[in-house]
Every structure is written in structure tokens, then in C-alpha cells.
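Thanks for coming. I will walk through one protein model, going from its sheet to its cores, its salt bridges and a few single residues. Please have a look at it first.

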Amino acid sequence: MKTLLRGGYVVSGKGCRRADVLINGETVEKVGHVLPALAGDAQVVDVGGCYLFPGFIDAHTHFDLDVCNTTTADDFESGSRSAIRGGTTTVIDFACPNKGETLAYGLSLWHKKADGRCYCDYGFHMTIDDWNEDIEKELDDMFAEGITSFKMYLTYPAMMIGDGAVYHALKALRRRGGIAGVHCENAGVIDARIEELKAEGCGADVSSHPIARPDYCEAEAVARLLRIAQAAESPVVIVHTTNKAALGEIAAARRRGQKVYVETCPQYLALDDSVYYDPDYSNAARFVCAPPIRTQEDSEALWKALRRGEVQTISTDHCSFTLEQKDMGREDFTKIPGGLPGVETRGEVIYTAGVAGKRMSLAGMCRALSENPARLYGLFPRKGVLAEGSDADIVVYDPRASHVLRAQDMVSKAGYTPFEGFRTEGSIVKVYLRGMLQVDGGKVVGDKHGVYLKRGKCEL
Ligand code: MN
């Protein structure tokens, strides 16, 4: 079965050109001028005036995660449906064993949650929240299962392993050609500030959340991690980077010759911390995530860093809770489940605020959402590019169709969107997953065709 997408503009990490795309089965057969002899009896789809992006990759999602004494609103079924609707054809979620459990157990648990339930393709990072000889030995098994990237935390006592173990783990990963993404916030100072805020009677204020977790507490942890990585002679990924001070620490490490990859998220680019000062509890609590959303100056610094190639990827950190779940923190802000839905809106928000807003080019958007995550996480060139032999994961983006983002139209089970009322420039009209039409007219029309992806090593 062949499909010919005719009349569109194919976007790559290098630029954008007028080209047809011939899909043959699950892969791309040709990009460019397609002769009738090659097209044969292909179904012809007119995509005149539309941009064709390689399917977006979201390398940071949390579906079906038990956290904060509750479970995320989106499981792999609704989460991946929300993803495909937003042009994301691959998610990389975080398998997360508890302390004391094996990595193998964590992996089997995540396969149970995801297998057979996904509308998009998926892979897993493995969380290292415990460190000992047995876990180090298990790393080889993880690589054999196609898991080449890992996650560590410098905050949250349930997840932290300590600086020494981070050092050992980075070395063990480096020896195997693996890489780790790290959540960087200072744990001790933040906990001390939380106690102070509660003692001052601010325990029920949502605004205590950003006050407890200032930008410099993130920058301190970024700086410390980068020094640990220097000692371990290891590259490292800074996940969900939010602010200018942290970017300064990253620039300093690069000047020393260190390899640092940086991720940010739409909420840090297109929103600002005024969201936390809404007097209505629910309006403010829905934006609680860690690290918190920062100032406009910080988001402009992130856009600038994206333009300069200092930030490589934009993922979402999709970790959705309903407003009822967010109500758990009405009396105590530390009990607000942290996280935002975002996997459904990333493409349109970044196109609108970035490309249409003249803060980034089409090629820059393609690098941040598709090509760089594919290279960083061992999926390139199967994913991340529209070229001969690549998977036919294609986002058809119509820049002329505009709409307003509304919770009631979302597939996600969060029941709200942080971008309520946001007017998009353009719309995602069709999405193909390995040649299968999964979204048409902005609606999910496909089925649970997603498969698990064994990934190779970092090539960025
Ligand atoms: Mn996360």
C-alpha cells in the first residue's frame, strides 16, 4: 500500500523545501519529485501549503505513574492518544522501580502498563533511584533491552541516591555508552525553605511552591551535577531546564570542554510565574510542577539558548492530574501533585510561540522536537527525519488553520490544559504513524498501533 503526500513542504533540521513524500507500507520510499511510475496506484493526499514534519518525539513523559499518593490521570492509553493527537509519534517514558526493586522488575512493570495500549511508538528510560553492585550488573541487561538512557534525581528523598552514587553511576553508564538525564534541584535547602514557609503560616498558599524552589536552587544542583560529571568524565543531560542562572552554569561547563545536553519544556517557554499568584486556589494549583515555571526573563533566555543550539530538545514532562487531584493540597501546598499535561499541545504551542512568534525557525523546531531527541536517544535515522527508509511518522501541519486550545477538546484525561484559551497559529491536521493514518482533521482516527522501540546509543 502506497500513499503519496503531494504539494507540501518537508521540514528537516536543516531547512524546509517543497517536496512530495511517497510512503510505502511503514516507511518512506522517496522524498522529492515522485514520478508516476514510482507512485504506481498510490493513494494521493493533497497536502498543498502544509508543512510535513518528521513525527515529534517526546522524550519526557510520565504515564500511569503512582506518585504523591495518587496515580496520574493519563495512563498509556489516554496518554499516547493525547500524544498522537499532538503530532507526537514516539514517547520515551520513565520506567521507575522503587528503591529495593530490580531494574528488571521496573522494566517488566512498565511493559505491562504500556504494551498493547499505545497509539504511538514508545521506549523507556530507566530510573536509577538505588545504587549497588547488583544494579550496576543489571545495566548490561538494560542495554540488551534497548534502554540506553537513564534518569537520576538530585532532589526527592525517595529518588535520591547521593552524589557519590551519582558519580559511580555516571561512570558505569559512560563505560557502556549510555547517558543519564538528571533532575537538578537542591533538596536540603528547598526542604528547609518549605519548613520556614509553613512556620510563617504560608502552608496553604500555592505561591509558596515557587518561593520554596527558587531558580538558584536549581542552578546550584545543575552546577553540582556538572562537577560530578566532570569528575566522572561523562556526558550528561539536564532535563526540564527552566532558567537563566542554570543556563549560565551549563555554559561554564561547556567552556571547560564538557559535553552537556539540555532539555526544556513548553511551560517554561510560553508561560510565566504569574500563574502561581492567582488568588483562586485551583487556578494556581493546576500549574504546580517542579521545577516551577519561572519569569519572562527566564523564558526569553531559554528561547535564546534554543536559537544558539545551547538547548537541544523540547519535551513536555507530561505528568497529568485532574483538578480534583490537585485539590489534595488545599491545606498544604507540598501535597499538590506536581506535574502538568502537555503532550497534546506541544507542537502547536511551540509552532505558535516559536516559529510564528519569530523566536525560532522551522528547522529549529524540527531539531528540538524531532531530530535532536532521535539522535540523543538512539532512534536516528529511523525516527527524527523524513528520508528514504525512515519510518513514515509524519505530522501534517497546516499553518493557515488556527484554533483556540480548550480543555473540552482535549483527549488527555487531565480535564484541563495549562494553555486554555491559547490561540494557535496553524493546526496539526493529519498524523501518520509508520504509514498508518492515526489523526485526520485533528481527530484521532487510528488505533493502538504503537510498538516498543529498542533504542541504540546517543549520537548527538
Ligand atoms: Mn519528569
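Start with helix α15, residues 362–376, which lies across β2 (9–11), β3 and β7 and runs at about 30 degrees to β7. Before I go on, some ground rules. This is a predicted model, so local features need pLDDT of at least 70 and side-chain atom pairs count only at pLDDT 80 or more, while totals for chains, interfaces and linings use all residues. Residues are numbered from 1 along each chain as its sequence is written, and side-chain values use heavy atoms, with hydrogens and water left out.

The helix and strand names are DSSP runs, numbered from the N terminus: helices are H or I with at least four residues, strands are E with at least two. For angles, axes are lines fitted to C-alpha atoms, for helices over the stretch in contact, and the angle runs from 0 to 180 degrees between N-to-C directions. Contact means heavy atoms within 4.5 Å.

Now the sheet under that helix. In what order do its strands come? The order is β3-β2-β7-β18-β19-β20-β21, an open sheet of seven strands with mixed pairing. Two strands pair if DSSP finds at least two bridges between them. At the edges stand β3 (16–18) and β21 (443–444); each has a single partner strand, so one side of each is left without a neighbour in the sheet. Further in, β18 (residues 394–398) and β19 (residues 427–433) run antiparallel and are joined by five bridges. Valine 395 stands opposite valine 431 in β19.

Is it buried or exposed? Serine 370 has 0% relative accessibility, so it counts as buried. The cut-offs are these: buried is under 20% relative accessible area, exposed is over 50%, and partly exposed is in between, with a 1.4 Å probe and protein chains only. The side chain of serine 370 reaches the backbone oxygen of glycine 55 at 3.4 Å. That is a polar contact, meaning a pair of N or O atoms within 3.5 Å; within protein, one must be able to donate a hydrogen and the other to accept it, and residues adjacent in sequence count only if both atoms are side-chain atoms. Leaving out residues up to four places away in sequence, serine 370 touches Pro54, Gly55, Phe56, Ile57, Met365 and Gly384.

Next, the cores. In soluble globular proteins, nonpolar side chains tend to be buried together. A nonpolar core here is a set of buried Ala, Val, Leu, Ile, Met, Phe, Trp, Tyr and Cys residues joined through side-chain atoms within 4.5 Å. The largest one has 117 residues, and Phe53, Phe124, Phe150 and Leu170 touch the most other members. Its largest share, nine residues, comes from helix α8 (residues 215–232). Another core, of 16 residues, lies apart from it and includes Leu5, Val10, Val31 and Leu52. As for phenylalanine 124, its contacts beyond four places in sequence include Phe76, Trp110 and Tyr452.

Phe76 takes us to helix α2, residues 76–85, where seven of the 10 residues are buried. Phe76 is one of the seven, and Gly79 and Ile84 are among the others. The buried residues of α2 pack against β11 (88–95), α3 (103–114), β12 (121–127), β19, β20 and β21. At the start of α2, a side-chain oxygen of aspartate 75 comes within 3.1 Å of the backbone nitrogen of glutamate 77. Just after α2, glycine 87 has a positive phi of about 85 degrees.

Last, salt bridges: a side-chain nitrogen of Lys or Arg within 4 Å of a carboxyl oxygen of Asp or Glu. How many are there by this rule? The count is 27. One joins glutamate 136 and arginine 175 at 3.0 Å, N to O. Glutamate 136 is in helix α4 (residues 133–144) and arginine 175 in helix α5 (residues 163–175), so the pair ties together parts 39 residues apart in sequence. Arginine 175 is exposed, at 51%, and glutamate 136 is partly exposed, at 23%.

Another pairs lysine 430 with aspartate 440 at 2.7 Å, N to O. Lysine 430 is buried, with a relative accessible area of 17%, while aspartate 440 is partly exposed at 29%. That is all I have.
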